[in-house]
Amino acid sequence: MIRRGVPLAIWAMALLLAVSVGWAADGDNIFEYAYGNAEDDTLSDSLIRGLAAGSDLDQDGLYEIIVTDYDNGGMVHVYEVTGDNTLEWVWSSAGSNVGNIRQVGTGDMDNDGIGEIIFAGSDGSWSVDYEGGVHVYEWDGSTDNGYGTEAVAIYKPNPTHQQRFRAEGFAIGDVDDDGQNEMVIVDNTENPDDQDGLYILSVSGTFESGFFTWNEEAAFMRGGANPFGGSPTNAQIGDMDGDGLKEAIFGVWDYAALYIVEATGANAYAYQTYISIDTTGDGVNLDNFEVADLNNDGADEVYFNIYGGGEMAVITGGADVSTITFGNNVTYIAYTGEAGAYGMAIGDQDHGTGTDGMDIFTAVYTSGVIKDWELTGADPTDPAAWTHYDLFVGTSNDQGSFALSAPSVDLDKDDKLELVATFLEAVPPEGKWFRVFEWTGETEVEEYTIAVDVPREFQLAQNYPNPFNAQTTIEYTISRPNQVTLRVFNSTGQLVKTLVNDYKPINRYAVTWDGTDEGGRPVASGVYFYQLLAGDFNQTKKMTFLK
């Protein structure tokens, strides 16, 4: 059985493939490949890595999927799910000298009730123009997908330090229960001996007002009082010992280590412990680990997959997180090569009948496989309590499965939860993509893909109709936010009418000309020229007006 989706969005089209694969006879763990971008998509020259799914930042009732992109100096793209298995590109950040954006999230750092897109611009070597650091784009509070053309705030832990900023992952939440959100994030610099840091940040004031301050509520440095031994990578928030005091949990590339700090009061934090997870090599959790209470005992567990060996471990907090040890609190639930080494997400996406526990989804980068580890027993620290499935097995072109997201909301509101995955380095001609898998409750996996187009180049299209005698439409594409001018000239080069003179964000636009001049007077029949100016882009095309 092949079910073909009908795309509704203007940028979602071009059905590419459909394959049915039998899997899991009881009806659980059955997902269909719902939508993604096809081989002719202009994402094909970029690297799609970081991922956030399930927000509705502009409060229009449509859930969003947000992905990061290495192209154009570093960008993020927002897609809205507009119908059943249908999504539409709606916004992109300005490309600049941000660097490789490795992760994106959403939050409300200034606590004003208005959501923000937050990402860590990473990698680039420092210069006066380098814009690495935490970038915040805030919804304007009224406009559909109105996230602006520039970041409302940029934070760098040490702005005078002439090195890169890099964070593989971060988390946002109220760590110290003071009613104010914090961000837990790392900075892996090019000079690790003195500048690598683990940070807990907050914001005073509001971004909208323009009067705000970034606060370092806590900073733990690699060579500080409680040092760590490798490059910091990512961070999460949890309560591992169930004592009501949350922890900021940082990942460190030091035999896959965790550095754990506990909130002891408002804006007060105390170092608890430092523990390495990898016993076979100097591994690391490269994308992000997950924190969840899967056995419902009131204390969170940390689920941690290891780049290098492909193992997965669960770490418990015991009676007090400060006393955890490898022997007492670390259990491997997947062994070398079994779990994959990159993205991880936790959810109950296969909500059918039968044996149906929570699932851990993991990404196997080199083969593009996405694995599903379902908790079918009671104790998540028991390897026998987990049942393993291969959720997605791609072709040789599908390498590079990276970030995963298992939203708790139903993105397209069809009573079937989704899993979203990015593919960082798929092999041409298929290009780079992200995909959405949807639970079906059936005994087949149905796969089909829908192209999603993001503007990559400035373009001026030929007007239509041409020739024309009443009005004509001119379409143009803006690939970077710019001041845009679109003007009509007669055959002698005299300006007839200015159709557009405005600052435009990334998008595709259409404007009509009704054959009148600036004063609204009809022009004579003949040949006219229309010119688009946007930054360094300058293009002119010819059209014919007939009365």
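Helices (H or I, at least four residues) and strands (E, at least two residues) are taken here as DSSP runs, numbered from the N terminus. The model is a predicted one, in which local features need pLDDT of at least 70 and side-chain atom pairs count only at pLDDT 80 or more, whereas totals for chains, interfaces and linings use all residues. Residues are numbered from 1 along each chain as its sequence is written, and side-chain values use heavy atoms, with hydrogens and water left out.

Six strands, namely E4 (48-55), E8 (100-107), E12 (171-173), E16 (231-238), E24 (344-347) and E28 (401-405), each contribute at least two residues to the lining of the largest pocket. A pocket is defined on a 1 Å grid over the protein atoms alone as an open set of points where a 1.4 Å probe fits, with protein on both sides within 12 Å along at least five of seven lines, and its lining residues have an atom within 4 Å of a point. The space in the largest pocket amounts to about 800 Å³, the volume being that filled by probe spheres set on the grid points. Of the 27 lining residues, Leu 51, Ala 52, Gln 236, Glu 290 and Ser 405 are the closest to the centre of this pocket. Strand E4 gives the most to the lining, with five residues. By residue class, the lining comprises 16 nonpolar, nine polar and two charged residues, where Ala, Val, Leu, Ile, Met, Phe, Trp, Tyr, Cys and Pro count as nonpolar, Asp, Glu, Lys and Arg as charged, and the others, Gly among them, as polar.

Strand E18 (residues 257-265) is largely enclosed by the rest of the structure, because seven of its nine residues are buried, that is, under 20% relative accessible area with a 1.4 Å probe and protein chains only. Two strands are said to pair if DSSP finds at least two bridges between them. On this basis, E18 pairs in the antiparallel sense with strand E17 (residues 247-253) over six bridges, Ile 249 standing opposite Ile 260, and with strand E19 (residues 268-276) over eight bridges, likewise antiparallel, with Ser 276 as the bridge partner of Ala 257. E17 and E18 form a hairpin with three residues between them, and Tyr 255 in the turn has a positive phi of about 55°; the hairpin of E18 and E19 has two residues between its strands, and Asn 267 in that turn has a positive phi of about 60°.

Strand E10 (residues 133-138) pairs with E11 over three bridges, and Val 136 stands opposite Ala 153 in E11.

Terms used. Buried means under 20% relative accessible area, exposed over 50%, partly exposed in between (1.4 Å probe, protein chains only).
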